[in-house]
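Subject: Structure handover and notes

Hello,

Here is the structure for your files. My notes follow below it.

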Amino acid sequence: MSEKLKVGILGGTGMVGQRFIALLENHPWFEVTTIAASPRSAGRTYEEAAGSRWKMDTPMPEAVKKLVVADVNQVEQVASAVDFVFSAVDMTKDEICKIEEAYAKTETPVVSNNSAHRWTPDVPMIIPEVNPEHMEVIAFQKKRLGTTRGFIAVKPNCSIQSYAPALAAWKEFEPYEVVATTYQAISGAGKTFQDWPEMTGNIIPYIGGEEEKSEREPLRVLGRVEDGVIKPAESPVITCQCVRVPVLNGHTAAVFVKFRKKPTKEQLIDSLVSYRGLPQELALPGAPAQFIQYLEEDNRPQVTQDVDYENGMGISIGRLREDTVYDWKFIGLSHNTVRGAAGGAILCAELLKAKGYIVKKQNNG
């Protein structure tokens, strides 16, 4: 066990924090040794602090039940006990920016699920299969922070995972205009149906801030590193609507695309199913063997049948067909709290470890 990296979970009592803890159980590289949360949870065991609010469909791991929850604001104390942290804190954007930088400045890498640093120019926002080269900006970020080891890396918004990977797979055909409507699960709001009974049989055609994120973040993921910062791509132009639907887990997207080069259906499908990235080449523990699957059936992908594809880390695409206004249209599906949140962040951390960005602290041997 001593060979594993010691991991802290910031915001460990919330839904995404719980998902981190569930996914990290028996991880071959990482071991959760510290859980930090708000002062109201601090001082209690994790079982006492989160037991009645445990929302995962698997039992709370025995290894974390007796861990005493630390105060997330006690930065030096928490950081001194771990090699790196995952951040899922529930704070304002300014508070998140401040506390994540504070942890980084203790020489503790921060891999964040939060949106606060997604547009900090020298913070990489990574879908590991799509833009691992963005990790190059970490060296410039460290200079700004005055660190040798500490930095922040983030993962993108959960809703873009259901269609941005397809756009990346189709880059050679130059998609230049995209219309996407996402149908987003309630766990994306940190809720279950017990928490949010009014969502049963209901649709809410508004999710605060989601449309802007869904339109802009794919361009940053598809961008390039230039002069130590990430320059967003200029195309495709994306417009989105985001709708909350009565589904527990799984974000679905209905997407229309125009291409400068005119691909065939066979070319598009082949590009999807053959798309591989660095996580597959390196056989990272959390990497799906096949990142994107294409489903031929007219009624797929479906949440009930496909959301757990590749343990929730794969993307499902279906209903690819020609359109009368745009060139092609399709349906995408991703697991919003696995690939879209905690699982995506864990895969990002695995890649950072594999490339030497996250290493064991000397005093944590």
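In which loop is Glu310 found? Glu310 is found in the loop between α11 and β13 (315-322); helices (H or I, at least four residues) and strands (E, at least two) are DSSP runs, numbered from the N terminus. I come back to that loop below.

First, the conventions. This is a predicted model, in which local features need pLDDT of at least 70 and side-chain atom pairs count only at pLDDT 80 or more, while totals for chains, interfaces and linings use all residues. Residues are numbered from 1 along each chain as its sequence is written, and side-chain values use heavy atoms, with hydrogens and water left out.

Overall figures

The chain has twelve helices and 14 strands. Its radius of gyration is 20 Å, close to the 21 Å that the globule rule gives for 365 residues, so the chain is as compact as a globular protein of that length. The radius is taken over C-alpha atoms, and the globule rule is 2.2 Å times the number of residues to the power 0.38. Along its principal axes the C-alpha trace spans about 60 × 50 × 35 Å.

Of the 365 residues, 58% are buried, where buried means under 20% relative accessible area, exposed over 50%, and partly exposed in between (1.4 Å probe, protein chains only). The chain exposes about 15,200 Å², and carbon and sulfur atoms supply 48% of that area. Accessible areas come from the Shrake-Rupley method with a 1.4 Å probe; for residues, only the protein chains shown count as cover.

Contact means heavy atoms within 4.5 Å. Among contacts in the chain with a separation of 6 or more, residues 24 or more positions apart account for 77%.

There are 41 positive and 46 negative side chains, and the centres of the two sets lie 3 Å apart. Lys and Arg count as positive and Asp and Glu as negative; His and the chain ends are not counted. The place of a charge is taken as NZ of Lys, CZ of Arg, CG of Asp or CD of Glu.

Helix α1 covers residues 15-24, and eight of its ten residues are buried. These are Met15, Gly17, Gln18, Arg19, Phe20, Ile21, Ala22 and Leu24. They pack against β1 (5-10), β2 (30-37), α2 (46-50), α3 (62-65), β4 (84-87) and α12 (338-354). Just after α1, Asn26 takes a positive phi of about 65 degrees.

Asn26 is also one of the residues that Lys4 touches. Lys4 sits in the segment before β1 and is buried, at 16% relative accessible area. Leaving aside residues up to four places away in sequence, Lys4 also touches His27, Pro28, Trp29, Phe30, Glu31, Asp83 and Lys360. Lys4 and Pro28 are 24 residues apart in sequence, with their C-alpha atoms 7.3 Å apart.

Thr120

Thr120 lies in the loop between β5 (110-112) and α6 (138-145). Thr120 is buried, with a relative accessible area of 16%, and touches Arg144 and Arg220, again not counting residues up to four places away in sequence.

Cysteines

A disulfide is counted when a pair of cysteine sulfur atoms lies within 2.5 Å, and by this rule the count comes to zero. Cys240 is in no disulfide, and the nearest cysteine sulfur, that of Cys242, is 5.5 Å away. From the side of Cys242, the closest cysteine sulfur is that of Cys240, and the distance is too far for a bond. Cys240 is buried at 6% relative accessible area, and Cys242 is buried at 0%.

Backbone points to check

Most residues other than glycine have a negative phi, and most peptide bonds are trans. Glu310 counts as partly exposed at 24% relative accessibility, whereas Asn311 is exposed at 69%.

Two cis peptide bonds are listed here. The bond from Ser235 to Pro236 has omega near 5 degrees, and Pro236 lies in the loop between β9 (229-231) and β10 (237-244). The bond joining Arg300 and Pro301 has omega of about 5 degrees; Pro301 lies in the loop between β12 (292-295) and α11 (303-306).

Regards
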